[in-house]
Amino acid sequence: LKDTRAMANAGWYRLTGLGARKNVIHGMALIMSAAERGSDVACYNLGVWYLEGRHGLPEDKKEAIYWLKRATDGSCSVRHLMKKALADAKAKLEALEANE
């Protein structure tokens, strides 16, 4: 896929099986690629999943901080994260950094 937003969305659909055949490995690959290409949604998802150890990712607070920072600091060039999720990302990041 060439469109980063579409890549992030397609990754979610593949990961969850919502509207597409479930394939966790392919879904995670698409989401990782979208995050690396600057999708704030993909960065947010990775941050939460590293924080909680979900979808085959290990619980890793340093990785969670890295991805949540990317989702919130304006460094992502593709911004499609909803305001509620952005607020959630900021709150999670603040809590993680306070406990470091």
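Biologist: Which residues in H5 are buried?

Modeller: This is a predicted model, in which local features need pLDDT of at least 70, side-chain atom pairs count only at pLDDT 80 or more, and totals for chains, interfaces and linings use all residues. Residues are numbered from 1 along each chain as its sequence is written, and side-chain values use heavy atoms, with hydrogens and water left out. In H5, the buried residues are Ala 85, Ala 89, Leu 93 and Leu 96; buried means under 20% relative accessible area, exposed over 50%, and partly exposed in between (1.4 Å probe, protein chains only).

Biologist: How do you know that the buried residues of H5 line one face of the helix?

Modeller: Seen down the axis of H5, they fall within an arc of 75 degrees, so they line one face; the arc is that of the directions from the helix axis to the C-beta atoms. On the other side of H5, Lys 83, Lys 84, Glu 94 and Ala 98 are exposed.

Biologist: Why is the pair Glu 97 and Lys 69 called a salt bridge?

Modeller: The term requires a side-chain nitrogen of Lys or Arg within 4 Å of a carboxyl oxygen of Asp or Glu. The side chains of Glu 97 and Lys 69 meet at 3.5 Å, N to O, so the pair qualifies. Glu 97 lies in helix H5 and Lys 69 in helix H4, so the pair ties together parts 28 residues apart in sequence.

Conventions. Helices (H or I, at least four residues) and strands (E, at least two) are DSSP runs, numbered from the N terminus.
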